[in-house]
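Q: I have a model open on my screen and would like to learn how to read it. Could you walk me through some of its features?

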Amino acid sequence: MHSLPTRLAGFLRAQVLAQALRWRLWAPVAMGGGCAAYFYLKAEPPSWPLLIAALLAASAWLGAKRAGMARLLTLPLMLLACFALGLAVAKLRTDAVAVPIAPALSEPTVVEGWVMDVDSPGAAGPRVIIAPVRIRGLPPEQTPERLRATVRGRAPEPGEAVRLYAILNPPPAPASPGAYDFGRNAYFQSMGGVAFGLGEARPAYLPEPSWELRLAMWVNGVRYDLARRIVARQGERAGGVAAAMTTGHESWLDPVEVEVMRNSGLAHILSISGLHMAVVGGFVFFLVRLLVAAWPWLALRVPGKKVAAWAGLLAVGGYLVISGHPPPAERAAITASIAFLAILLDRQAITMHALAVAAFVVLLLQPEAIVTPGFQMSFAATAALVALVEAWPRRPKEISAPWPILMVQRGGVWVGGAILASLVAGAATGPFAMQHFNRTAMYGLLANLATAPVADFLIMPALALGALLEPLGLGAPFLWLAARGIEAMLAIGTWTAGLPGAVRTIASAPDYVLPIAFLGVLFCCLWRGPLRWFGLPFAAAVMLWPRAPTPDLWIGDGGTQAAWVEAGEAVVARAAVRQFAVDVWSRRRGVAPVERPAEGWTCTRFSCTPDTPNAGPLALWWGRRAPSAEQLDVLCRSAPVVSVRAPVTVLPDSCDGRLVLDGVDYARGGAVELWREGSATDNRWRAVWSAEMRGDRPWSVSDSGG
C-alpha cells in the first residue's frame, strides 16, 4: 500500500502529464502579459532594448528546443520569449500609429475638414468624425489626422466638407486617477483631438481628398444611409436598436432605452462584437450548407461544408465593413475567421487551440487590446464556453426512442445547456464588469436567457437578410420581423430592469487585482483536470479583495467640477456639469452621487463657497480668469481646500494653512483624489493625480483647457 505522499506525488505527476498538449495554450497568455506590462509602464521605453530582448529570448527558446532539452526548461523559455515579444510588439505598434495630438488652445479656432463618419451622440449633441484639412493656429505638421467633433443643429453626413468654429482640446484624460484612459484609446484609433462646436457646421471649399479618404467616406455614407432606411422601416424605438446592431450607428438610440439595457444586463447586444459576428457568420454558414445539401446535384460535386465556410468568411468580412469596423468588431472578425479557416483546413473549428491562435493574432495586430474591457471579457467568456464544451458529457445516442420522449429529452438538454452556458459566461466576465463598469445587473442571467432565442434565431438573422436586401427595396418583411423581436427584447429588458435591486454598484478593486482574476479565469479554462478549480479563488479576486479607503474629495480634470464624500454619498458641487466624469468617479469608488444642497452655500457666476465648515470641505472657482485678491481671500476663509481653475500667482495671508490647487496643478496633474490625514485642524491631505497614474506616455498630452 502506497503512502499518502507517494499517492499525492503520483496524482500530481498524472495531472502535469495530462497537460502535454495544453502548454502551448499559455503562449498568448504570456504575450498578453508582455503587452500589459508595456502599457503599465509610467515612462515610454526605447525600442531597441525591447527588440533585442525579444530576439535573445526567442533565440534561447528555439535553441533549447532544437537541442532536445526537456520541457521543464523549454516551457519557461517559450513563455519568456512570448512575454518579450508582447513588449516589443506593443512598442512597435505605438510607434507605428503615432499621429499629432492637438494642443489645448486658449481661444476657439476654425476647423475645416471632411466628415468621415457620424459618431454616437454625446450629452452635448450630435458628434461626427472629421478628417481636418486646416486648423487655424496649427501648422500642418501639428494638425491631427482625425477629430471627434460635437456639433450643434443638424449633424453633417459622411462626405461633406465642413467649416466649424470650435474649442479644440486633446482627447480627454482619465476622469479620475486609475480610471479608463480615453486618450489612450483615441491614440490607437488615430484620433488626435476633440472639438466642441460653438455654432452649426457650415459648408467649406476644400481640395480633393485622397482616394483612401474618399473610399472611407463612401463606405460610411452607405452605412449611414442603411441605418436611416432601417429606422424609417422600423420606427425610432426598434429602429434605433436595429441600426446600432447592424451598422454601429447609435444616433437614434433612446438614452432611456440604453439605460434599461444596461440595468437588465443586455447592453452588450448593442455593441457589435463576438456575439454578432458569431450569429451572422454561423447563420450564413448553416444556411449555405443547408442549401447545398438540398440540391443533390451540387451536393455531389462540391464540399458543402467548405463552401459554407467560404460564405461565412464573406459574411464576417461584409459585416465588418457595414459595422464600421470598430476595434471590438475587428477582434471578433479575426476570431470568427480563424474558426472558418479551421474548417477549410479540415480542423475542428471550436477548440481551445483555435481560440489561442485567434488571441495571438489579435495581440500581434492590436496589442493595445489587452487593456480594453472588450478584449478581456470576450476572450474570457469564449475560453470559458470552450472549456464547457470540452467538459460536456457525451450521452449515448438513442436508437429507437419515441419522438415525444426525444423531444422532451433534447429540449431539456438545450434549456440546461443554455442556462449553464449563460452562468459560465457570466461568471467569466463578471470580474471585468465589476472592475471596469462598477455595476452588476442582478437579473442579467434571467434577461439573457429570455432574450437569447429571440436575438439569436430571429433578430440577428432577420437583420442580416433585411440589411442585405434593403438596398434593393426587398428588406421590409425581414426588418418587420426583426422589429417585433427587438420590441420583445426591450419588453423583457424593461421588466427585469424594474425588478427590486436590479442593479448593484461595486467599487473597483486595486489595479493589480484584475490581472490576478484574469489568470484565475484562464487557469480554470486552460488546465485540464480537477486541479483547475484551484483557480477559482483567484478568479473571484475582484469580488473578494478589500477595497482601499474612499477618497474624501475628488476634483475633476481642469478644476471645473468636484465632489466629496458624506455618509457614503458623493455630494456633487455643480449639478449637470461634466456629469460623465462624476458618474465614472462615483461608480469607481462605490458611492452614489447626489446634488449639492442649496442651503449652506453661497454661489456666484464663477464660484461656490460653503457658509459653514459642516457644509463642505471645498471652495470652488471655475472661472477662466483668476479671482481677484479679495475673491481669493473669501475662498480661503470659507474652506480648507480651495480649487481655482485659472493659474494663481499671489496668495493672500488667509490662504496660509489652506490647500490651494490652481490651473498650473490641473494642467500638470489632471484630476485629483484627496484623502484627509490627521485631524481636521491639521488640514493635511494626501493627493493622487491622474497624471501620476497615467505616466509620461505618447498619448498622455495634458488638457490645460479644462
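A: Gladly, and let us begin with burial: a residue is buried under 20% relative accessible area, exposed over 50%, and partly exposed in between, using a 1.4 Å probe and protein chains only. Take Cys-608, which counts as buried at 5% relative accessibility. The model is predicted, so local features need pLDDT of at least 70 and side-chain atom pairs count only at pLDDT 80 or more, while totals for chains, interfaces and linings use all residues. Residues are numbered from 1 along each chain as its sequence is written, and side-chain values use heavy atoms, leaving out hydrogens and water.

Q: How many disulfides does a search of the whole structure find?

A: A disulfide here is a pair of cysteine sulfur atoms within 2.5 Å. By that test, the whole structure has two disulfides. Counting bonded cysteines along the chain, their pattern is 1-2, 3-4.

Q: Which cysteine forms a disulfide with Cys-608?

A: The partner is Cys-603, and the two sulfur atoms are 1.9 Å apart. This link is right-handed, with 110 degrees about the S-S bond. Cys-608 is buried, at 5% relative accessibility, whereas Cys-603 is partly exposed, with a relative accessible area of 36%.

Q: Which cysteine does a disulfide join to Cys-636?

A: Cys-636 is joined to Cys-655, with an S to S distance of 1.8 Å. The torsion about their S-S bond is about 80 degrees, so this disulfide is right-handed. For the secondary structure, helices (H or I, at least four residues) and strands (E, at least two) are DSSP runs, numbered from the N terminus. Cys-636 sits in helix α22 and Cys-655 in the loop between β16 (641-644) and β17 (659-661), so the pair ties together parts that are 19 residues apart in sequence. Both Cys-636 and Cys-655 are buried.

Q: Where is Arg-637, and what does it touch?

A: Arg-637 is placed in helix α22, which covers residues 629-638. Contact means heavy atoms within 4.5 Å. Leaving aside residues up to four places away in sequence, Arg-637 touches Ser-654 and Arg-658. With a relative accessible area of 60%, Arg-637 is exposed.

Q: How do I read the packing of helix α16 against helix α17?

A: Start with the axes, which are lines fitted to C-alpha atoms, for helices over the stretch in contact; angles run from 0 to 180 degrees between N-to-C directions. Helix α16 (residues 444-469) and helix α17 (residues 476-497) pack at about 155 degrees, with axes 8 Å apart. Angles under 35 degrees count as roughly parallel, over 145 as roughly antiparallel, 65 to 115 as roughly perpendicular, and the rest as oblique. The pair α16 and α17 is therefore roughly antiparallel. A crossing is left-handed if the near helix is turned anticlockwise from the far one by less than a right angle, and right-handed if clockwise. The crossing of α16 and α17 is left-handed. Residues in the contact include Leu-446, Val-454 and Leu-469 of α16 and Phe-478, Met-489 and Trp-495 of α17.

Q: What about the packing of α14 and α18?

A: Helix α14 (residues 373-391) and helix α18 (residues 513-526) pack at about 25 degrees, their axes 9 Å apart. They are therefore roughly parallel to each other, and their crossing is left-handed. From α14 the contact uses Gln-376, Ala-380, Ala-383, Ala-384 and Ala-387, and from α18 it uses Leu-514, Phe-518, Val-521 and Cys-525.

Q: How do the residues of that contact divide by class?

A: Ala, Val, Leu, Ile, Met, Phe, Trp, Tyr, Cys and Pro count as nonpolar, Asp, Glu, Lys and Arg as charged, and the others, Gly among them, as polar. The contact of α14 with α18 has eight nonpolar residues, one polar and no charged.

Q: Is Asn-438 buried or exposed, and what is its phi?

A: Asn-438 counts as buried, at 1% relative accessibility. Its phi is near 55 degrees, a positive value in a residue other than glycine. Asn-438 lies in the loop between α15 (403-437) and β7 (439-441).
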